[in-house]
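Hi,

Here is the structure I said I'd pass on. Have a look at it first, and my notes on what turned up follow below.

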Amino acid sequence: LDERLTGNFGVRVVDTKQTTHGIAPDFTAITYQPDAGALITIPAGGPTSVTRRYTDILPSLNMSYELDYDLIARFSASRTIARPSLAQISPSTTASNVPPTINKNNPYLDPFRSNNVDATLEWYFDAGSIVSATIFQKELVSLIESESNNEDLDIIEISSDGSQRPITEEFIVNTLKNGDGVNLKGVELTFQHNFADLPGFLSNMGTLVNYTYIDNSEPDKVTGSSRNNFNLSGYYEGDALSVRLSYTWRDKFLLSAGAQERFGRYINASGILDGNISYDVSENVSVVLEAINLLDEASTSVDGNGYPAIYEDNGRRLMFGVKASF
């Protein structure tokens with residue numbers, strides 16, 4: 001084999017046994033009293049639990065090929081999982097009577113499963129410097145979606161004379177489900193350079209620029225995915241003093257999906273400037289000053305129709321600290 005080719009391959013088997021606990025009412029004990037203002041009474045919730053088990057086989061391949069002493073090509077392919085949040089898989093259920101509504105989580109949700117492929121070309125053109133380009137594709141096998149349906153429940157009608165009879169009442173049932181998958185593909189470009197050849201203190205400076213473009217086949221379903229993402233950082237690394245400024249900008253992205261189209265909430269495009277200064281007072285003690293949101297950028301969100309939803313202004317934040325090692 002060519003010595004310039006290196007890599008590894010492995011398979012991970014993940015066996016998950018999941019037990020979740022929560023609170024849910026007994027829906028067979030819901031009562032309806034037509035002579036008391038059409039009152040629907042829902043009994044108090046009691047403890048409930050669900051146990052399930054599933055197994056995932058997760059292969060992974062990583063390879064690199066040295067095209068030249070400073071030029072490397074890399075390729076990777078893998079299958080990964082990410083489990084739903086504990087709140088989503090809790091068996092807890094709540095109900096209300098005006099209008100008759102049931103809100104329940106889903107302990108049988110499958111994890112997010114993703115098939116991933118990445119190809120990268122890296123050029124190390126100077127010490128501490130790199131130019132790289134990566135193309136990637138991620139096939140998310142399924143997504144967790146909200147679902148809302150009208151369902152008929154068998155409940156008990158209690159008349160004013162105390163007599164009872166079974167009837168059917170329509171409830172709005174809101175829950176979660178594993179929906180269709182989505183494909184994400186894009187490109188990431190990176191430039192990092194250490195200006196070691198410059199004279200004086202300039203030799204301790206450097207910069208890092210990163211741009212990512214993501215083509216999302218379902219922008220109204222995948223949260224946190226911006227089409228355009230950009231980061232620019234400048235830094236100084238001296239014997240005792242370290243300074244870093246970083247500006248991050250990203251396109252509008254989905255914060256939370258709705259049960260129906262245009263019911264989601266989106267965060268508008270924004271840019272944030274952060275800074276960090278660290279000074280070594282001695283070999284064991286350093287002081288740190290961190291600044292967040294130096295430009296005082298507010299976060300605004302809109303609904304699926306573009307109407308304003310939430311405006312958040314957290315202001316500039318400064319944090320000072322002392323680090324010591326013994």
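Two strands count as paired here if DSSP finds at least two bridges between them. Keep in mind that this is a predicted model.

By that criterion, strand 2 (residues 31-33) and strand 3 are a pair: they run in the antiparallel sense and share three bridges.

Six strands make up an open sheet, ordered 3-2-10-11-7-6, with mixed pairing. Strand 3 (39-41) and strand 6 (93-97) sit at the edges, each pairing on one side only. On average, neighbouring strands in this sheet are turned by 25 degrees against each other, direction ignored.

Now to the surface. Which residues form the nonpolar patch there? They are Leu241, Ile277, Tyr279, Val281, Leu289, Leu318, Phe320 and Val322, and together they have about 790 Å² of accessible area. At least two residues of the patch come from each of strand 18 (270-280) and strand 22 (317-324). Strand 22 gives the largest share, with three residues.

One of the patch residues is Ile277, which lies in strand 18. Is Ile277 buried, partly exposed or exposed? Its relative accessible area is 38%. Partly exposed covers the range between under 20% (buried) and over 50% (exposed), so Ile277 counts as partly exposed.

Cheers

Definitions and conventions: Residues numbered from 1 in each chain as written. Predicted model: local features only at pLDDT ≥ 70, side-chain atom pairs only at ≥ 80, totals over all residues. Heavy atoms only, no water. Patch = residues over 30% accessible without salt bridge, like charges linked within 9 Å, V, L, I, M, F, W, Y side chains within 5 Å. Areas by Shrake-Rupley, 256 points an atom, 1.4 Å probe, with all protein chains shown as cover. Salt bridge = Lys/Arg side-chain N within 4 Å of Asp/Glu carboxyl O. Helix = DSSP H or I, 4+ residues; strand = E, 2+ residues; numbered from the N terminus. Buried < 20%, exposed > 50% of the residue type's maximum accessible area, 1.4 Å probe, protein only. Axes fitted to C-alpha atoms, helices over the stretch in contact; angles between N-to-C directions.
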